[in-house]
Amino acid sequence: MPTSKPAHEQLEHLLRTGHVLTTREAADRLNVSTRTILRAAKKLEGRGLPVETTHVGNMNQYALSEAERYPESGDRYTENQLLALIVAIEAGRSLLRPTPLTAPLKAVYDDLMTRIPEQNVFTLDPNEESSRWYFQEARSVPIDPDIFETVRQAIHEQRTISIDYMNASRQTRNKGRVIDPLVIGTQNGAWLCVAYCHMREDIRDFNLVDIQSIEVHDTHFEPPEDFDPILHFDKRFGATTGESYLVRIRVAPEVAGYFRRKKYHPTQQVDHEGSDGHLIVSYDVEGLKDMHSWIRSWGPAVTVLEPEKLAQQIQEDAEAVAAQYASQA
């Protein structure tokens with residue numbers, strides 16, 4: 001009987017259920033051409049499914065490993081899918097702990113465990129697997145559930161809100177601050193509402209734990225056309241200040257390997273590699289506070305080339321520390 005499912009989904013189902021098929025056998029089963037099967041297999045591989053392809057005569061033969069097949073019990077999770085779910089839930093529980101979403105996520109996890117067959121189908125033990133992973137918990141204190149849900153709903157409905165907000169850095173309380181909430185996100189362990197601020201006429205971050213009360217307006221808003229949450233978070237090394245900086249640093253040869261293997265910021269770019277192994281690395285960031293602390297943590301192995309403002313701050317800090325130790329000698 002004809003099916004509306006595309007060929008790659010039909011082929012995936014056959015492989016998930018343990019079939020080992022040549023291109024011709026799969027084409028006959030699905031009543032399609034061998035060319036369609038070749039394209040379907042490539043599509044599955046492009047989506048990350050590790051299809052095992054071998055050659056039988058002049059044809060390909062397709063199969064999946066045991067970990068990628070549905071178990072014989074009829075459960076719809078493969079072993080790798082189950083592992084991915086367990087790890088994702090453990091990561092989510094750590095990240096979501098300050099929010100009211102942590103309890104529903106635990107309920108999902110408990111329900112998942114009840115759906116796994118008791119017989120020894122998997123090589124992993126789901127109940128033990130969760131103890132083999134660790135994810136750092138968000139450093140935020142618990143968020144008021146009503147505040148969290150009201151902000152979330154206002155974002156969904158694109159409604160303007162007024163908030164009473166405690167500015168922790170300035171120790172000031174803003175009453176009735178009017179904002180258009182755009183997205184909820186996390187940065188450096190804090191849960192933030194990114195919003196268009198009517199007072200500042202610009203995009204600003206508001207820590208959810210510092211919102212003390214909310215009033216929802218009847219008015220709706222349209223998000224700014226140029227707002228991109230990925231760019232908003234990725235460009236920063238700390239809190240948004242409204243000032244963008246090109247930071248260029250010289251990385252000593254003994255630590256250059258770290259910068260070759262790891263991106264410490266999405267905008268990290270190696271501009272030059274010296275014959276002695278040193279690197280010139282650049283970043284495009286907003287705000288210098290966190291960049292300042294991060295560079296200091298590398299000690300003399302990292303030197304600021306620009307901006308001059310940041311180089312001067314770090315030099316003054318070093319001189320102050322040296323003077324402090326000299327006075328104690």
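Close-up 1. Thr22 stands opposite Gln61 in β3. Strands β1 and β3 are paired antiparallel over two bridges; pairing requires that DSSP finds at least two bridges between two strands. The open sheet is formed by three strands in the order β1-β3-β2, with antiparallel pairing. Because β1 and β2 (52–56) stand at the edges, each with a single partner strand, one side of each is left without a neighbour in the sheet. The model is predicted: local features need pLDDT of at least 70 and side-chain atom pairs count only at pLDDT 80 or more, whereas totals for chains, interfaces and linings use all residues. Residues are numbered from 1 along each chain as its sequence is written, and side-chain values use heavy atoms, with hydrogens and water left out.

Close-up 2. Thr23, Ala26, Ala27 and Leu30 of α2 are buried, where buried denotes under 20% relative accessible area, exposed over 50% and partly exposed in between, for a 1.4 Å probe and protein chains only. Viewed down the axis of α2, these buried residues fall within an arc of 100°, so they line one face of the helix; the arc is that of the directions from the helix axis to the C-beta atoms. An α-helix has 3.6 residues a turn, so residues three or four places apart point the same way. The buried residues of α2 pack against α1 (7–16), β1 (21–22), α3 and β3 (59–63). Just after α2, Asn31 adopts a positive phi of about 60°. Asn31 belongs to the loop between α2 (23–30) and α3 (34–46) and is exposed, with a relative accessible area of 72%.

**Close-up 3. Ser162 in strand β4.** Ser162 is found in strand β4 (residues 159–167) and is buried, with a relative accessible area of 10%. The side chains of Ser162 and His217 make a polar contact (2.5 Å). A polar contact is a pair of N or O atoms within 3.5 Å; within protein, one must be able to donate a hydrogen and the other to accept it, and residues adjacent in sequence count only if both atoms are side-chain atoms. Neighbours within four places in sequence aside, the residues in contact with Ser162 include Gly176, Arg177, Ser213 and Glu215, contact meaning heavy atoms within 4.5 Å. Ser162 stands opposite Val178 in β5.

**Close-up 4. Strand β4 and its partners β5 and β8.** Seven of the nine residues of β4 are buried. Strand β4 runs antiparallel to strand β5 (residues 172–187), joined to it by six bridges. Six bridges also connect β4 with strand β8 (residues 211–220) in the antiparallel sense. In β8, Ile211 is the bridge partner of Tyr165.

**Close-up 5. Aromatic pairs between separate elements.** The structure holds 10 aromatic pairs. Rings of Phe, Tyr and Trp (its six-membered ring) pair if their centres lie within 6.5 Å, with planes under 30 degrees apart counted as stacked, over 60 as edge-to-face and the rest as tilted. The rings of Phe148 and Trp191 have centres 6.2 Å apart and planes at 70°, so the pair is edge-to-face. Phe148 lies in helix α7 (residues 145–157) and Trp191 in strand β6 (residues 190–197), so this pair ties together parts that are 43 residues apart in sequence. Both Phe148 and Trp191 are buried. Tyr165 and Phe206 also form an edge-to-face pair, at 5.1 Å centre to centre and with 80° between the planes. This second pair links strand β4, which holds Tyr165, to strand β7 (residues 202–207), which holds Phe206, 41 residues apart. Tyr165 and Phe206 are buried.

**Close-up 6. Arginine residues over tyrosine rings.** The charged end of Arg93 sits over the ring of Tyr109, 5.3 Å from its centre. The criterion is that NZ of Lys or CZ of Arg is within 6 Å of the ring centre and within 35 degrees of the ring normal. Arg261 lies over the face of Tyr258, at 5.3 Å from the ring centre. Tyr258 also belongs to an aromatic cluster with Phe259, Tyr264, Tyr283, Trp294 and Trp298.

Conventions:
Helix = DSSP H or I, 4+ residues; strand = E, 2+ residues; numbered from the N terminus.
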